[in-house]
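User: Please take a close look at one part of this model. I would like the aromatic contacts, ring by ring.

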Amino acid sequence: MNKQSAITASPLHVSVPHDSAIKQVAGRADYVDDLPEPEGTLHAYLGLSSRAHAEIVAIDLDAVRVAPGVVGVLTAGDIPAENDISTVHKHDEPVFAHRVVEHHGQAIFAVVAVDREAARRAARLARIEYRDLPHITDIAAARAAGGQLVTEPLKLERGDVEAGFAASQRRVKGTVTIGGQEHFYLESQVALAIPGEDDEITIQASTQHPTEIQVMVAQVLGIPHAAVTVNMRRMGGGFGGKETQGNLFACVAAVAARKFRRAVKLRPDRDDDFSITGKRHDFVVDYEVGYNGDGRIQAVTATYAARSGYSADLSGPVTDRALFHADNAYWYPAVRVQSQPLKTNTVSNTAFRGFGGPQGIVAAERWIEDIAYALGKDPLDIRKANFYGTDSNNITPYHQVVEDNVIHRVVDELEQSSDYQARRRAILAFNRKSKVLRKGIALVPVKFGISFTATWHNQAGALVHVYRDGSVHLSHGGTEMGQGLHTKVAQVLADAFGIPLEWVKITASNTGKVPNTSATAASSGTDLNGMAALDGANQIKARMGTHAARLHGVDPAEVVWQSGGIRVGAKLMRFDELATSCWMHRVQLSAAGFYMTPEIYWDRSTGRGRPFYYFAYGAACAEATIDTLTGEYQVDRADLLEDVGRSLNPAIDIGQVEGAFVQGMGWLTTEELWWDQKGQLRTHAPSTYKIPLASDVPRVFNVRLAEWSTNSKPAIGRSKAVGEPPLVLGYAVVEALSMAVASVADYRIAPRLDMPATPERVLFAVERMRREGAAT
């Protein structure tokens with residue numbers, strides 16, 4: 001470690017490389033499957049259901065047990081305690097199905113063998129006899145069958161909706177279908193369980209929620225939480241898919257490790273990962289909107305039906321969050337929205353970047369589009385006319401006041417910097433002359449609430465150690481999945497202590513160091529863990545400052561922390577010198593930091609509260625060209641402006657915005673989940689499920705942060721969250737495609753593209769425009 005200079009520039013609010021960037025490029029970054037395996041490690045593999053809904057009549061596993069390399073087989077009867085891993089404790093999600101299977105790909109048993117290939121091959125030798133039961137795979141079928149729900153729905157209401165409709169000059173009714181999405185993390189689900197003394201067990205897992213894994217393993221094994229230690233250094237992507245979905249793999253590995261008293265690893269193939277794990281919820285939103293001739297909305301009613309899957313998982317909070325974002329950036333004088341989390345015989349859908357919020361926003365943008373085409377106006381004009389006010393017209397459907405509303409400035413700035421108006425005029429002129437190719441342009445906003453809506457999750461802990469050479473060790477409750485969380489928190493600590501960034505060492509997330517952690521989700525990882533780490537640093541700094549004052553015989557008020565160390569009167573002590581002195585004088589240099597988000601509360605029973613600490617804002621302008629003969633298209637340009645407050649690390653934040661936009665664009669254009677009539681997912685590999693390629697990135701891609709923004713709330717460094725909000729900006733591409741499609745009927749008919757807006761759907765929409773345009 002190099003000696004510290006007298007002055008160290010603050011590493012906060014500047015671009016520094018991701019802590020794993022070089023290791024990842026060089027192939028030196030270790031993931032769970034890269035870790036050295038203990039001698040004698042066994043490998044497990046899951047045996048899956050080949051039916052969507054059926055009774056299990058008989059299971060013959062004899063051929064599995066005698067297959068080469070097989071050590072044993074696990075079924076529901078081998079679970080030591082509870083055969084349940086339901087995250088909301090509804091006892092509706094077994095580790096292994098016992099009498100009934102409820103989706104194609106549900107785990108029924110596991111094979112444990114000396115190597116992974118032997119386990120994989122043996123798992124396919126099982127002979128299972130089923131008695132088929134009626135199965136439901138989509139929202140329409142679920143509604144037709146009576147609409148069984150997996151959890152309690154939510155209703156939000158504000159104002160007199162009936163009076164609002166009565167006063168409206170116009171109305172529009174419609175339905176929008178919004179598809180689901182596979183997480184497609186680069187690193188698949190994986191867990192390694194290592195038995196210890198007595199009932200102790202250590203889990204190495206690729207998870208966004210180490211405490212969730214700890215709780216579930218303890219529940220399944222019937223042991224205390226303290227007997228389970230979960231370790232997680234980094235994930236190869238998560239996007240919400242590793243918040244609860246890792247429970248199954250960790251618990252199966254743990255049961256096998258306990259039974260055979262050897263380490264056990266479980267990692268599924270990509271195809272099986274697709275079939276076993278939940279997706280982003282697809283929605284069908286039915287809506288009615290009352291509005292006036294100027295485009296101002298007077299009343300909104302909507303029902304948000306979601307394909308939840310066979311168990312509750314996180315469908316309750318996900319569909320709740322869709323309602324929280326049903327307004328996007330718009331003021332509704334009267335509103336009534338309700339959720340419908342429907343049970344289906346498909347894998348249980350789960351968290352995905354945005355957590356239901358993007359679906360709520362997309363539906364709001366759909367009726368904005370409907371109003372624009374009905375009035376013959378630019379959709380951007382309708383958006384502006386309905387924006388939340390700053391001093392009035394600023395109450396959300398859940399009765400929270402929208403404070404620090406900067407959406408007007410964000411949109412106005414992007415409209416100017418993207419040259420939106422001139423480009424739109426040029427596109428209108430191009431479409432009048434072009435027979436085959438048509439263009440579209442759109443500018444859409446986003447307002448995104450930041451905090452867990454389950455208030456108790458808004459807390460974090462951190463363990464900070466200062467060593468006598470001045471180096472700093474940190475463990476916090478967040479997890480690193482590529483988003484740069486560890487780098488940002490290290491920047492926070494380096495700034496707090498006034499030391500070089502390289503002096504801060506962040507170790508793996510570990511339940512034995514920081515207990516009772518929340519998931520790294522809801523875009524809150526830096527907000528929560530950064531503040532917890534800062535609290536720990538401040539505790540240590542207070543002790544060090546008291547020591548320095550006593551050492552030099554000065555008043556504590558004369559002790560001032562500054563970059564490079566601590567000034568005691570006229571003398572500057574370097575941080576490393578101070579650390580050594582503290583150790584010599586028996587000053588504690590360790591602290592457990594803690595933070596809980598202030599001001600927030602939520603009463604689900606009344607639909608009222610302040611569930612969000614603050615809002616993040618953004619806007620995107622996208623331009624696209626379609627081929628009206630084939631439906632194929634390309635995204636020509638995208639301009640993004642994102643409000644991240646005072647950025648802790650602009651380079652990382654810009655990367656997050658870029659990646660989120662492309663992921664959102666993929667969700668809404670090319671990524672299609674398709675189940676066949678037997679309830680089997682057929683898009684279960686890269687050959688059939690199309691995530692965006694490098695060639696799909698907009699030809700011109702301009703991304704900027706709103707450098708003038710500062711969070712009005714005292715969040716860490718006055719920054720704002722960046723993980724989820726920009727994903728919704730991908731909807732600008734759908735709006736641009738919609739304009740191109742609408743040009744076929746001279747913009748007289750709303751195109752109403754369902755999503756994903758694949759080339760097939762674009763072509764069908766073009767043909768509908770031709771038919772309906774000719775009829776009018």
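Analyst: What follows covers the ring pairs, then charges over rings. The model is predicted.

The count comes to 15 aromatic pairs. Take Phe-184 and Phe-274. Their ring centres are 5.5 Å apart and their planes stand at 90°. Planes over 60 degrees apart count as edge-to-face, so this pair is edge-to-face. Phe-184 sits in the loop between strand E8 (170–178) and strand E9 (191–195). Phe-274 belongs to helix H8 (residues 270–276).

Phe-324 lies in helix H9 (residues 315–324), and Trp-602 in strand E25 (residues 601–603). That links distant parts of the chain, 278 residues apart. Buried means under 20% relative accessible area. Phe-324 has 0%, so Phe-324 is buried. Trp-602 has 17%, so Trp-602 is buried.

This pair does not stand alone. Ring pairs link Phe-324 and Trp-602 with Tyr-398, Phe-612 and Phe-615 into a cluster.

Charges also meet rings. Lys-242 lies over the face of Tyr-185, 4.6 Å from the ring centre. Arg-468 places its charged end over the ring of Trp-583, at 3.9 Å from the centre.

Key: Residues are numbered from 1 along each chain as its sequence is written. This is a predicted model: local features need pLDDT of at least 70, side-chain atom pairs count only at pLDDT 80 or more; totals for chains, interfaces and linings use all residues. Side-chain values use heavy atoms; hydrogens and water are left out. Rings of Phe, Tyr and Trp (its six-membered ring) pair if their centres lie within 6.5 Å; planes under 30 degrees apart count as stacked, over 60 as edge-to-face and the rest as tilted. Helices (H or I, at least four residues) and strands (E, at least two) are DSSP runs, numbered from the N terminus. Buried means under 20% relative accessible area, exposed over 50%, partly exposed in between (1.4 Å probe, protein chains only). A charge sits over a ring if NZ of Lys or CZ of Arg is within 6 Å of the ring centre and within 35 degrees of the ring normal.
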